[in-house]
Amino acid sequence: MPSSLDAHLGSYAGADPLRSKVAETIRHLASAAVKLRNTIIDGGTSDHLGQSRQVANAGGDIQKELDVVADRLFFDAAKASSVAFYGSEEQDLPVVLSKDGAFALAIDPLDGSSNIEMNVSVGTIFSLLPVEEAHRTDPASAFRQPGSKQIAAGFFVYGPQLQLVLSLGNGTHVFAFSPSFGGFVELHASMAVDEKAKEFAINASNHRHWDEAMRIYIDDLLAGADGPRERDFNMRWIASLVADCYRILIRGGIFLYPGDGRQGYAKGRLRLVYEANPIAFCVEHAGGSATDGITRILDLVPEDLHARTPLVFGSKREVARVTRYLTDPSAIGERSPLFGKRSLFRA
Ligand SMILES: O=P(O)(O)OC[C@H]1O[C@](O)(COP(=O)(O)O)[C@@H](O)[C@@H]1O
Ligand SMILES: [Mg+2]
Ligand SMILES: [Mg+2]
């Protein structure tokens with residue numbers, strides 16, 4: 001019999017009061033995820049759930065029906081647990097839930113919204129941050145803490161299976177919902193991201209909008225065995241961050257959503273507090289790394305709840321290589337002498 005999420009949370013919490021509150025909050029989030037899974041399975045046609053509401057969220061994206069359903073479910077779960085402040089992609093400002101709650105919950109209730117009506121995996125990403133006394137008079141400041149302060153983080157994937165990727169600060173574990181068991185059972189006790197990447201994930205349609213260094217990096221991957229990397233790379237882009245991250249946890253690789261020249265995309269598309277930080281927390285605790293191209297994601301200080309960041313994560317050696325491309329033109333000379341050293345900013 002595999003171990004359950006309940007057992008995992010129980011052994012983490014022990015008799016510690018703060019950890020018990022973390023465990024209780026994760027249990028509430030897991031119940032909300034099961035409800036959302038049920039809604040996706042039998043809550044009407046996928047056309048209906050993917051319907052646009054003609055309303056933009058705080059980040060300027062048009063909300064879909066399922067974005068709003070998910071936000072309500074997780075809001076209720078947060079209200080039932082020790083959450084003081086609820087900061088959601090779908091709400092402009094953090095909501096105060098209790099005066100003495102222990103955590104700030106940052107959440108992307110429905111990640112991968114563009115995939116809803118396609119029946120492709122979507123997810124929920126969450127991050128638990130501590131609440132200090134100073135945050136109580138200024139709830140927004142609780143969400144300006146760097147990701148290194150996270151107490152716990154994870155994400156649910158609504159795919160063929162409902163899965164939970166969770167890190168409580170000691171390894172990254174994967175659970176799957178089993179209807180016959182009536183709860184989540186452990187699938188992977190401790191993930192370990194391969195150090196070396198064989199796959200990359202990027203929305204290549206933005207190629208012409210990237211900086212030169214990013215274009216050279218991707219061009220070198222595409223050149224495969226005939227180029228300076230002297231080996232082939234496979235490419236995948238699901239357009240659901242949760243699903244792309246899950247694949248990288250399982251079989252390594254690198255994910256990139258860099259800033260680009262499109263209006264409003266100087267820092268890419270992804271949000272630091274409720275997307276990049278929890279993903280980085282899980283990836284680092286699985287032995288991978290996550291940066292904005294140069295700086296470790298977990299060291300960045302968010303400007304506000306909805307701040308964006310470029311995001312590069314996955315296999316350690318590949319993430320470090322991207323940083324060299326972006327910061328050290330001489331690194332391009334790492335390639336075989338056959339290809340010589342070409343200028344980083346070649347024509
Ligand atoms: O459509 P693009 O530009 O490829 O962006 C895809 C990315 O945007 C996201 O869908 C953003 O998340 P939301 O769906 O929560 O807005 C990520 O899941 C995904 O990695
Ligand atoms: Mg998202
Ligand atoms: Mg979302």
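Predicted model: local features only at pLDDT ≥ 70, side-chain atom pairs only at ≥ 80, totals over all residues.
Biologist: Let's start with the annotations. Where does glutamate 89, part of a UniProt "binding site" feature, lie?

Modeller: The unreviewed UniProt entry puts a "binding site" at Glu89, Asp108 and Leu110. They span 22 residues in sequence, yet no two of their C-alpha atoms are more than 8.8 Å apart, so they gather at one spot. Glutamate 89 itself sits in the loop between β3 (83-88) and β4 (95-96).

Biologist: Is glutamate 89 buried or exposed?

Modeller: Setting aside neighbours within four places in sequence, its contacts include Asn57, Asp108, Arg271 and Tyr274. A residue needs 20 or more other C-beta atoms within 10 Å to count as buried. Glutamate 89 has 26 of them, so the call is buried.

Biologist: Which strand holds aspartate 108 and which one holds aspartate 111?

Modeller: Aspartate 108 is buried, with 30 other C-beta atoms within 10 Å, and aspartate 111 is buried with 29. Aspartate 108 touches Thr124 and Ile125, among others beyond four places in sequence, and the list for aspartate 111 also includes Thr124 and Ile125. As for the strand, aspartate 108 is in residues 103-111, and aspartate 111 is found there too, in β5.

Biologist: How far apart are the end C-alpha atoms of α9?

Modeller: Helix α9 runs over residues 272-284, which makes 13 residues. A straight helix would reach 18 Å at 1.5 Å a residue. The end C-alpha atoms of α9 fall short of that, being only 15 Å apart.

Biologist: Over to the N-terminal helices. Are α1 and α2 roughly parallel or roughly antiparallel?

Modeller: The axes of α1 (residues 5-13) and α2 (residues 17-42) come within 8 Å and cross at roughly 165 degrees, in a right-handed crossing. On the α1 side, Leu5, Leu9, Tyr12 and Ala13 meet residues of α2 including Ala23, Ile26 and Ala30. Angles over 145 degrees count as roughly antiparallel. At roughly 165 degrees, α1 and α2 are therefore roughly antiparallel.

Biologist: One more: how far apart in space are glycine 253 and lysine 196, C-alpha to C-alpha?

Modeller: Glycine 253 is in the loop between α8 (241-251) and β13 (254-257), and counts as buried, with 27 other C-beta atoms within 10 Å. Its contacts outside four places in sequence include Ala197, Lys198, Glu199, Gly314 and Ser315. Glycine 253 and lysine 196 are 57 residues apart in sequence, but in space, C-alpha to C-alpha, the distance is 7.1 Å.

How values were computed. Residues numbered from 1 in each chain as written. Chains lettered and ligands numbered in written order. Helix = DSSP H or I, 4+ residues; strand = E, 2+ residues; numbered from the N terminus. Expected span 1.5 Å × (residues − 1). UniProt positions renumbered as here; feature names shortened; annotations may be inferred. Buried ≥ 20, exposed ≤ 12 C-beta atoms within 10 Å, placed from the backbone. Contact = placed C-beta atoms within 7 Å. Axes fitted to C-alpha atoms, helices over the stretch in contact; angles between N-to-C directions. Parallel < 35°, antiparallel > 145°, perpendicular 65-115°, else oblique. Left-handed = near helix turned anticlockwise from the far one by under 90°.
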